[in-house]
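Work through the exercises below with the model open. Try each task before you read its solution.

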Amino acid sequence: MDHEKGNVTHRLQAVNPLVPVPRGPVPVIPPASPRRKVRVTVDGREISVPEGTTLLDATRAAGIDTPTLCYLESLTPVNVCRICVVEVEGSRTLVPACSRKAEDGMVVKTDSERVRLSRRLILEFLASSVDVSTSPQVRAYMDRYEVHPERFGPSQAPSDGRDQARAGVHITSDGSQAAAVAQPVKADNELYLRDYGKCILCYKCVEACGPDAQNTFAIAVAGRGFDARISTEYAVPLPDSACVYCGNCIGVCPTGALMFVSEHDLRKAGTWDESRQTSTETICPYCGVGCTLTLHIQDEKIVKVDSPIENGVTHGNLCVKGRFGWQFVQVREKTQSGGDAS
Amino acid sequence: MVLRVLCGESSSSLLQARVSIFQGKETFVDAHFTKDHPTAAEQQAVDSVLGVPHSGWKGGPRRPDRDGHSAVNGHRLGADRHLLLPVLHAIQARMGWITPAALNYACQRLNVPPAEAFGVASFYGLFSVTPRPPCVLHVCDDIACMTRGVEDLCRSVESQLGPAGSPSLNGKATWLRSPCLGLCERAPAALMSRAGEKPAEKVVAPASPQSLLSKLESFANATIEEPPDRFEASASAPQASQNGHSRLVLLRRVGRMDPASLDDYRAYGGYEALRRALNFGGSWVVREVLNSRLVGRGGAAFPTGKKWDPANQPRYLVCNADESEPGTFKDRVVMEADPYSLIEAITIAGTALGCERGYIYLRGEYPLAGERLSHAIRVARERGYLGTNILGRGVDFDIEMRRGAGAYICGEETALFNSIEGLRGEPRSKPPFPTQVGLFGKPTVVNNVETLVNVLLIVQEGGESYAAMGTLGSTGPKLFCLSGHVARPGVYEVPFGTTLRELIEMGGGVAGSGQLKAVLLGGAAGSFVSPAELDTPLTFEGTRAVGASLGSGVVMLFDDSVDLRKILFRIAAFFRDESCGQCVPCRLGTVRQEELLQRLNHRKPMGSVEAELGLLKEVGQVMRDASICGLGQTASSAIESALRRWQLF
Amino acid sequence: MEDTDLIILWGSNARETHPIFFHHLLKGVRKGAKLFVVDPRRTSSARWADVWLGLDVGSDIALANAVGREIIAAGLENRRFIERATTGFDEYRKAVQPYSLEYAEKITGVPAEVIRQLAHSYARADRAQLCWTLGITEHHNAVDNVFALINLALLTGHVGRYGSGLNPLRGQNNVQGGGDMGAIPDRLPGFQHVENDELRAKFEQAWDVKIPPKRGWHLSGMFNAMEEGKLRGLYVIGENPVNSEADQGRCERNLKGLEFLLVQDILLSATAQLAHVVLPAAAGWCESEGTVTSSERRVQRVRKAMDPPEGAWDDMAILCNLANRLGHNWGCPSAEEVWNEVRRLSPMNAGMSYSRLESLGGIQWPCYDETHPGELFLHGRLWEDPVVGPPAKFSAVEFEPPVDRLDDNFPLRLTTGRRLESFNTGVQTSRYRSPLRHPEMLDLSPEDGERYGLAEGERVIVSSRRGSAVAPVRFDESLRPGLAFLSVHFPDEVATNVLTIDATDPISGTAEFKATAIRVEKIASPAKV
């Protein structure tokens, strides 16, 4: 924003000491340190980006839609899904675009046969082991990369033993079914559900619960290998964990593994219909921070609340009151005469 | 014993005095802990590593009259996080499993969220997060032991103790199958561990179906302390007990000296290299190592001199002793038989590079090496070879040892950093490389045990004359781990350039049926070669030329009675078990790879066998191309090399 | 907040009351900022602190003055800033002279060394933020408390610069906006003083009415006036004083004594149940259009996402309709039309058109015209050379203990506050099913629990000089002996404000919710919850 403008025009408007006067030139946001430009070639096109830019941003700057699953602007890249891999000339392996920084003279291919093969198989691996039915993102990528998860056989039936899996131990099957993470839904509170049969282990919820936003650390990745899973300590139910129900994990979940009970109930009843939903941005009433809420309304009822990830106040995060504390406007009709006091 | 190994090294030197004042139950920031209060035993286990709590906020008694008005260092979570792994070891050794109350208390003490600590505990194969009998028999059923009748052994154990994991001996013991225990020269091997007030570990190798159970019983009921294993050069390093040992350089002390005695070590030339290094100075040492063209012996074959760049101002020197590649045991032999040599080598490297501290990350399954190393560190410190003012030269340097807990992946250098830091042993993305961002985020040099031990030689003989040994691309001597169907398995030291055939002959030739079917070079992440390739010189460049790799120096022989397919299934199962699970290509690729092989095994291919083999290749390529680290990138290597050489399906 | 070197949270449990603000604070902490928390309880915020100063309730001024004295004694005050941009330093220096570290330790309980650490760290920091909430303002000497903190910022120059400043954290989305719009006794919209003839004339001309030239009452003044019979009719919009005011018994008596009570609310609150007429209203944040102002002076749009229930109108429609029926012609303007009137009359809002608020996602006042970006630094003027406007004034203030004294009859200090998942009197938050919620309990230190022979969950009689309530007890290790805590969220379960004292600050009118003297008594036959 242009702060200097304000100074010059309004310098002498101080009339009443209680009417704030324009500020002087001293406090300004320190400018970001100037960054050198580096030139990279993306799919044959040379582009110039500031030093420190990731290949993901470089390819996006070049107008290329590089797929991502575990990447989110507001979180530290963990580069685990590997769907964003690209080919860099001179590199033995493919490199993750989301976290690799552009270097001067890099030659990058985003759609080579190797890249396409990796992306296709990664999606096949996921779709053959995870229920991706509520992830429009994964499904769109599956179409783009002509994915056939059935090449690995029918997926295994749900199992409720995943929380007990021991590191370094598995039972070898005859291979006729593709091992899958299908398991019962964890419904241990009235605000949101954890359906880890839909979890692709992108680590986003762990990051949002942990150092990247909420700093509550109620969940972490437990176990190892195929049995790695998102878990509380000893898989205790959420009410026994450190969870504070901010729902910031739901906000970042790309697959619907974490879901509002309100959304889940509507989906179960078959009445969830995004085409009938409106979303309106407003301000949360519960404190003076001024968090933007996006209210998703279906049939005059709030069905879900989130916040725009690019919002400078929230970065997409809310607290329990903002995300779940809206029920009072909906119970009003029923309890209009009930009231607050006895 | 485990406790001693852990605490002797870490607690006193590491614990910063924490000044939290207000006494009472600390909760992790605003999170809550479970209501479980630790028993005296649980508390002692944790305190054995951390010392008694200074503050009630850390689990001591509340003294609010004095301290109710202030507290410090609330959020500095992570300051002691690196002690999480030693604490988990202590809990496991005391309680037999990681109990909720003990974990809870440990989290309070360390300011680590319980969910994260659980994530760490459940990452390691040697820890159990569910109740388990105190005594556990780990039977290695990996590929080297498969050549020595491990299936019979397991069947016998199963018939006597019941299915793996079930309690037996009146609930005192249980047994589990284990990946390679690094005892391949004495296959089939087993390792027993006993939790309790006097925890202990005991190696049984070779293990026989007849005697293993009685050994387990007496171990489960034992009250006296015994060493976890006995090192015998004749069994583990046959060259060292033969005539002609004098030609050996790396193994020259093995079997000759008392591994506990510093004076003995000095009598065999020990600590002369350190004196020389301190005399000539760090930059001289670094230059000699560069001139020696020493290449890392851990498996990745990276030039050591390139890592040793003082310009990076390395803060830590880490010795990777997490020797877990199936078929590898050379580092174990060095550490058990000649522990001071490693301590001296680390001291030379650390002081030459100006590092603040050295770390040895030792494989959790190596109890004897652990005892010997911690003893050697303690004695070296007492005698002025470690600590402050080393040899009176005004140089300070010290070494800490950490034990792994059953995770192959922690041999990957960045996973190893995370493991030391008390995080899950998940590899980090590279770049940045360890030389820039390593342990605790600081520039770090990581070297394998054997690599470091070579530095002693370089310092004493000079880089140029060291480089005269071996070949142009592979200088110096090399340790090989000969196992499987060979007459005299063990660690062998040869100059680079020796052919595979010559090495096998040194080992007394092919055992078993006497007809060689295949040789596995470099371990599970390496590749198979056929008898037609026996004249391959054992150098980095020579093996590369036949599409194989030296890896960690594994040379495992299979006679023609072996069903190679079973070996491949075991390798596939190994990678599935040992994948950390972080990235999709490896987490699921290793699963799909095993499933594909099992479909072929059960003759239930989907579509044609050719189509399945094509799909297997695709899976292999994606793991190689898109995995984060070397584990995934090499998880299909041995399997593909076998399928290239033999028509197995 | 993310780019600062030191953060002081004074009387604020922002971790629970301003969770998203706390995210920003933690980003700063993770980048290396030191965090000091001043709070009687070791709250979830305090647990993040490098240093927690657990002062005794109501001893804030003693602590702040000691910090100021120590900064001066150590020669760490920002001389240049003090000389250029402030007045009253000499009086201040004299006033804080008696507040030695040892004296402050005696009053606050905080060890002298820890106070010294706070003083030196704050004064030496290149950038430092000082934030407070109701722990400072819910006292009988609230304004003095605030002055005591402002003095520290003036002493060190930690104000009006990037990464440095004073931040009172507001408890609702539009507390600030209410003040902005003149919902305070002596101001017209835009903080224009009602007793200033020139400013008042501007409004009189625009509105074509005569505005009373004297300031009105604040809330506590109104209750006094009710008691004295000077105030006989009351129009309450979106407030629930029956549950939210200190000394609930007195509050209820006064409201019941009114000739006419009109309540406009979204729910039938306890106050609404006493009303002669209740006007059902739409929820401001999701059923009507308008603006709110956040703690950082950012004016933001609230939007209508859904229709209110049948029969409920939005506040503006009710007000205009009422005015029309009373014979004025207010018409039925849209929210934007009303806002544009604000922009015409309040210079600090002049540049905030709806379209700009929309495109910029909110603007921080002052914003004088449509080219002005809004101000990030309210007090940046103090750094201009020469300083623009009047210099900032030190206000010497003296420590005064809470009105409700502790004695043998009432030996425990009760303080009140919010819990994470709930909000104020619970009118709104009691309607969602939070797994975090537990029945309201009196939090006591485990030592006091033992002293009174109580078991967790046991119901006890809690009494103050004004009334008693029954509550189950819970042992909370963040409390030291002698300190107790209750929230005000569940008036139906535990009528906390039956206990609290309505000793109010003469300027702000805020009651001393934070300091009540209580005693706890066992019930003869203890009933477990």
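**Exercise 1. How many helices and how many strands does chain A have?**

Solution. Start with the ground rules. This is a predicted model, where local features need pLDDT of at least 70, side-chain atom pairs count only at pLDDT 80 or more, and totals for chains, interfaces and linings use all residues. Residues are numbered from 1 along each chain as its sequence is written, chains are lettered from A and ligands numbered from 1 in the order in which they are written, and side-chain values use heavy atoms, with hydrogens and water left out.

Helices (H or I, at least four residues) and strands (E, at least two) are DSSP runs, numbered from the N terminus. Now count: chain A has ten helices and twelve strands.

**Exercise 2. Which domains make up the division of chain A, and what lies between them?**

Solution. Step one: find the bounds. Domain 1 of chain A covers 35-156 and domain 2 covers 192-333; such bounds come from an automatic or database domain assignment.

Step two: take the centres over C-alpha atoms. The centres of domain 1 and domain 2 of chain A are 26 Å apart.

Step three: count contacts (heavy atoms within 4.5 Å). Here 17 residues of domain 1 of chain A touch 20 residues of domain 2 of chain A.

Step four: get the buried area, meaning the accessible area (1.4 Å probe) that two parts lose on being put together, summed over both. For these two domains of chain A the value is about 1,500 Å², with 63% of it on carbon and sulfur atoms.

Step five: look for pairs. A salt bridge puts a side-chain nitrogen of Lys or Arg within 4 Å of a carboxyl oxygen of Asp or Glu. Between domain 1 and domain 2 of chain A there are zero salt bridges.

**Exercise 3. What is the area buried between chain B and chain A, and how many salt bridges are there?**

Solution. First, the residues. Chain B gives 64 residues to the contact and chain A gives 64 residues. Second, the area. Chain B and chain A bury about 5,200 Å² between them, 57% of it from carbon and sulfur atoms. B:Phe118, B:Arg592 and B:Asp625 supply 12% of the area that chain B buries against chain A, more than any other three residues.

Third, the salt bridges. The count between chain B and chain A is five. In one of them, A:Arg151 pairs with B:Glu618, and the closest N and O atoms are 3.0 Å apart. On the side of chain B that touches chain A, α5 (100-110), α6 (114-121), α24, α25 and α26 of chain B each supply at least two residues. The largest share, eleven residues, comes from α25(B).

**Exercise 4. Is A:Glu146 buried or exposed?**

Solution. Recall the cut-offs: buried is under 20% relative accessible area, exposed is over 50%, and partly exposed is in between (1.4 Å probe, protein chains only). Locate A:Glu146 in the loop between α4 (136-144) and β6 (192-194) of chain A. Phi of A:Glu146 is near 45°, a positive value in a residue other than glycine. A:Glu146 has 55% relative accessibility, so this residue counts as exposed.

**Exercise 5. Which peptide bond of chain B is cis, with omega near -5°?**

Solution. Go to the loop between α19 (413-420) and β9 (444-448) of chain B, where B:Pro431 lies. The bond from B:Lys430 to B:Pro431 is the cis one. Then turn to chain C: C:Trp365 and C:Pro366 are joined by a cis peptide bond with omega about 0°.
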